[in-house]
Amino acid sequence: MFIFCSGILLLGCSDEESAADILLPDREPLFTLFPNDLAQNDSIAANLGHGIFMIVHPKATYQLSFDIDPNYEAPELQLFRVLVNTTDLTYHFNQTRTLEPKVVDGRYVYEFICEESSANLWATTLALDGEFFPGKVSNVRLTGEGAYSDHFSINLIAVGNIEEEIEGYSLNELAESMLKSFRKHYRNITIDTLYLKYAHNHPTLGKKYPKDEPWISGVSSEDMMLSELGGWPGSENALDIVLVHYIKANGVLGYSDIFSGNMGSGYGSTVVLGSHYITPYGTEEPVSISDIVETAVHETGHFFGLRHTTASSADLEKSYNGEFISDYSNLEDGIEDTPYCREAQMSGLLKSAASDMHNPGIQYRIRLFEKAGGFDIRDCPDANNMMFPTALDNMELSFSKQQLEIIRKSLMIFPH
């Protein structure tokens, strides 16, 4: 869980430095760098020196690296814990350490171990002679190695009157099918078990989730992630998948924060699925058991740090000072053994993924309702990859070898 404050700055965990040595970010960081992300991240590179965010986890060992600019001396990397004032939503920065790089194969490499007690948001600057580094930063990578288990369990949490609304199967059958599919697709890690939970039976929150009402994500509560249901008492430190009646956005089957990183309670601890979806005509349609299960596996891929193989327009949106801007530096995931579909991006079909929910950073899986200029999205070379952004009927989906490697690394970074 990330740290919030009420305008109070906390002390860092490294040796104190004089104020003159500290170079704070000179802008509100707009971009976030995730461990083991292989995307191009040109926007990260352009902003690293003046301030970007990083997500870090306890006991994990990290290396941040980028290509050497031969025109300048090596810069110092300054790292700051980020504190958010919940009153006016401003950021405050508290320095944790200053690092000098090693030179490895033409790259500057900065190594550090996170000594936080929980997941945290950090920020960066690059300093040279007391000023912001004026050189070029390119090909940025953040690699992470964790010390936690490569096993995990799942809580499937049914919210509202799901059991009365599903058609042709029971929640127990859904749970059995989901566990089987997770074990099939996440084949290089171990899924211990899956627990079926009911929100109305939650020991402290049950009264907030009546079992005889449909729960609509984006309407029934302000928190569209239902984060308070994460970290279910008695089976904490699991992946919490929340199943609601439907998601109030056309064609959206499920969603997750990318690299959520929280297998406990609070923010970033949930993946959300719908048992129904909304068509462009405003009608509700049931989601098949296979689509719910595939969406669960897909959205969990995002939870563990995977991007869509082909970026939708929603993936390219960033929020800045209440406005939305587009960042085109990551049109695909950068993974060598996953192709991407330029034709799908050019066709405009994936614009429908930028739903009315407008929550940059959240990754949606959608069902398409149209074609564009005769282009058949099933012809995309990545259409059979589990991280393709749209649901397609009768496709045998799978992760690539490199995707599975990233998932395992992320799992072992997350405390659980």
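In this predicted model, helix α4 is followed by G305, a residue whose phi is positive, near 100 degrees. The helix itself comprises 15 residues, 289-303. Most of α4 is covered, with 13 of its 15 residues buried.

Aromatic contacts were examined next. A pair of aromatic rings is described by the distance of the centres and the angle of the planes. The model contains 17 aromatic pairs. One of these joins F66 and Y110, whose rings are stacked, with a centre-to-centre distance of 5.9 Å and 25 degrees between the planes. This pair links distant parts of the chain, as F66 belongs to strand β4 (residues 61-67) and Y110 to strand β8 (residues 107-113), 44 residues apart. Both F66 and Y110 are buried.

A further pair is formed by F303 and F304, with ring centres 5.4 Å apart. The planes of these two rings stand at 90 degrees; because an angle over 60 degrees counts as edge-to-face, the F303 and F304 pair is assigned to that class.

Conventions:
Residues are numbered from 1 along each chain as its sequence is written. This is a predicted model: local features need pLDDT of at least 70, side-chain atom pairs count only at pLDDT 80 or more; totals for chains, interfaces and linings use all residues. Side-chain values use heavy atoms; hydrogens and water are left out. Rings of Phe, Tyr and Trp (its six-membered ring) pair if their centres lie within 6.5 Å; planes under 30 degrees apart count as stacked, over 60 as edge-to-face and the rest as tilted. Helices (H or I, at least four residues) and strands (E, at least two) are DSSP runs, numbered from the N terminus. Buried means under 20% relative accessible area, exposed over 50%, partly exposed in between (1.4 Å probe, protein chains only). The expected span of a helix is 1.5 Å times one less than its number of residues.
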